Each structure stands twice: as C-alpha cells, then as structure tokens.
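Colleague: Please take a close look at one part of this model for me. Keep it brisk, and give the cut-offs as you go.

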Amino acid sequence: MSSMRNAVQRRNHKERAQPLERSKWGVLEKHKDYSLRAKDYNAKKARLKALRHKAAERNPDEFHFAMMSSSTHNGGQRVAERGNKALSTEVVKLLKTQDAAYLRTVAQKTRRARERLEQEFVLSGEGEGRGVRVLGKEEKAGQKVVWVGSREEQKRWGEVDTDPKIDEAAMEGTDDVDEEEIEDTSQSGPPPRKALIEAQKSALQAGRALRKRHKREQEARRSKLEALKIREKDLMAAEHELEMQRAKMSSSVGGVTKAGLKWKVRERKR
C-alpha cells in the first residue's frame with residue numbers, strides 16, 4: 001500500500017508570496033527564517049546578560065601578576081604579544097643599509113632610462129621620415145629624405161616636381177592645403193598628367209599621416225619622460241630619508257624628538 005500511495009500524483013503545496021501592497025518590505029518571512037532570527041536574538045541577549053553580571057561582580061582590587069606584563073588599548077582592549085622579537089640597533093642599521101642600496105640602484109636605473117629617452121633619435125620606417133633629437137623640451141625637425149633604388153628612379157623623381165604649396169605645408173606641419181587647391185594650381189601651367197595629380201595627393205596624405213604619428217609619439221615620449229623624472233625624484237627623497245635615519249641611529253646628526261624638542265650632537269671643542 002505504501003508503494004501505491006507514493007505512486008499517486010499529489011498536490012504541490014506552494015508557499016504564499018508577499019502581497020503586492022507589502023512588496024516594499026521584501027520577501028515574505030517564513031517560519032524557518034523567524035526561528036533563525038529568534039535564536040540569534042536570544043543568544044545575543046544571553047551574552048549581554050552574562051557580561052552585565054560579570055561587570056556587576058567585578059572586584060576593583062583584583063590583582064594577578066599577568067597584569068604587570070600586559071597592557072590595554074583605549075582603556076578596555078587588551079593588547080597581546082605577537083611573539084615578535086625586538087631587533088638590535090646594529091641589525092636595524094644593516095637592514096636600512098640594504099634598503100638604501102636597493103633604492104640607490106633603482107634610482108640609477110631610472111636616471112639612465114631618463115637620459116636615454118632624452119637623447120634618442122626618432123626615425124620613421126619604410127624609408128621615409130624625419131629625424132628628431134629630443135633635448136629637453138626643444139625639438140628640431142630635419143629634412144624629408146626619400147630613398148630610391150637606382151639612378152634612374154632618382155632622375156624620374158626629380159622630374160616630378162611637387163606643388164610648392166604642398167612642400168610648404170609639409171615642412172610647416174599644417175593641413176591647410178586641400179585637394180581643390182592642388183587642381184587649381186595645376187590649371188595655371190600646362191595640363192598636368194593624371195598620375196602627377198595622384199602622386200601629389202598621395203604625398204599630401206602621407207605627410208599628414210606622418211605628422212599625426214610623429215605628434216602622438218612625441219606626446220607619449222613626453223609623458224613617459226615626466227613620469228621618469230617624478231619617479232627619480234621620489235627615489236632620491238626616499239634614499240635621503242633612509243640615510244638620515246641611519247645617521248640618527250648612530251648619533252652622528254641631530255633631529256627633533258616626538259615632543260618637538262630639537263637636539264644636536266655635541267661636538268668637541270677645538
């Protein structure tokens with residue numbers, strides 16, 4: 001009979017949901033949720049009752065020898081020992097020496113990277129480009145060089161004279177020359193060949209792309225240079241602070257105490 005009772009389809013009992021007018025209160029609390037909340041509340045109430053009872057029966061004159069080696073923070077929190085051993089002054093000075101050597105090494109590496117970035121040459125690829133030598137904030141642009149494979153190509157390139165407006169715009173780094181101006185200037189003389197006009201347009205587009213790429217590279221290089229300068233400055237400041245700490249530990253320089261009192265090393269009279 002039990003097997004037949006389990007084989008019969010039974011009704012699915014569904015839990016009641018939160019009414020729409022009470023949807024702002026979230027999911028409807030079930031009995032199991034209430035049981036967990038009640039247990040937590042009763043446990044906290046019992047703990048507080050035990051603490052109140054312990055505080056009421058506290059003896060202000062109570063003493064045990066563990067109080068001599070322990071301390072409290074903010075009048076109530078007990079500060080326990082972590083098991084760390086205090087290092088001697090010589091060991092701390094040695095550790096600070098190693099830290100200073102590491103900072104000095106990293107600072108030298110950063111300084112060399114900064115100097116290399118300031119003195120490097122920027123050259124574009126594919127045979128065309130301009131050389132720029134970075135010297136601080138000053139940039140000097142060189143002439144445009146076109147590489148050819150033979151003497152015949154050089155002669156043919158010399159025969160194809162570009163428009164003076166294109167050359168002036170390419171050298172000044174402006175984009176004021178338009179394709180319509182190229183066609184207008186070409187109407188003044190003999191009718192140019194179509195290949196010549198296409199060559200002029202392609203040269204103008206290549207010049208624009210080269211200038212944009214060069215500008216982006218210069219901005220990236222400038223930002224990297226500024227970051228290296230800031231990093232070098234921070235490393236030098238950290239190294240100086242470590243050297244001052246080592247000097248104060250060896251009592252070779254003066255300083256200021258936590259109370260704000262200045263002191264200096266007493267020198268022998270000469």
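Modeller: The lining of the second largest pocket has three nonpolar, six polar and three charged residues. Here Ala, Val, Leu, Ile, Met, Phe, Trp, Tyr, Cys and Pro count as nonpolar, Asp, Glu, Lys and Arg as charged, and the others, Gly among them, as polar. Before going on, note that this is a predicted model: local features need pLDDT of at least 70, side-chain atom pairs count only at pLDDT 80 or more, and totals for chains, interfaces and linings use all residues. Residues are numbered from 1 along each chain as its sequence is written, and side-chain values use heavy atoms, with hydrogens and water left out.

A pocket is found on a 1 Å grid over the protein atoms alone: it is an open set of points where a 1.4 Å probe fits, with protein on both sides within 12 Å along at least five of seven lines, and lining residues have an atom within 4 Å of a point. Volume is the space filled by probe spheres set on the points, which are joined across faces, edges and corners. The second largest pocket holds about 360 Å³. Its lining is made of Arg-58, Asn-59, Pro-60, Glu-62, His-64, Ala-66, Met-67, Ser-70, Ser-71, Thr-72, Gly-76 and Arg-78. Two elements, α3 and β1 (71-73), each give two or more residues to that lining. Helices (H or I, at least four residues) and strands (E, at least two) are DSSP runs, numbered from the N terminus.

Met-67 also belongs to a nonpolar surface patch, with Phe-63, Phe-65 and Met-68. Together these residues have about 510 Å² of accessible area, by the Shrake-Rupley method with a 1.4 Å probe and only the protein chains shown as cover. Patch members have over 30% relative accessible area and no salt bridge; nonpolar side chains (Val, Leu, Ile, Met, Phe, Trp, Tyr) are joined within 5 Å, like charges within 9 Å. Phe-65 sits in the loop between α2 (31-56) and α3 (66-69). Phe-65 counts as exposed because its relative accessibility is 67%. The classes are buried (under 20% relative accessible area), exposed (over 50%) and partly exposed (in between), with a 1.4 Å probe and protein chains only.

Now the salt bridges. Each is a side-chain nitrogen of Lys or Arg within 4 Å of a carboxyl oxygen of Asp or Glu. By this rule there are nine salt bridges. One joins Glu-239 to Arg-104 at 2.9 Å, N to O. Glu-239 is in helix α8 (residues 194-249) and Arg-104 in helix α4 (residues 89-119), so this pair ties together parts 135 residues apart in sequence. Glu-239 counts as buried at 13% relative accessibility, whereas Arg-104 is partly exposed at 32%.

Arg-104 also meets Glu-243 in a salt bridge of 3.2 Å, N to O. Glu-243 is in helix α8 and Arg-104 in helix α4, 139 residues apart. Another salt bridge pairs Arg-111 with Glu-232, at 3.2 Å, N to O. That pair links helix α4, with Arg-111, to helix α8, with Glu-232, 121 residues apart. Shared partners join Arg-104, Glu-239, Glu-243 and Arg-246 into one network of salt bridges.
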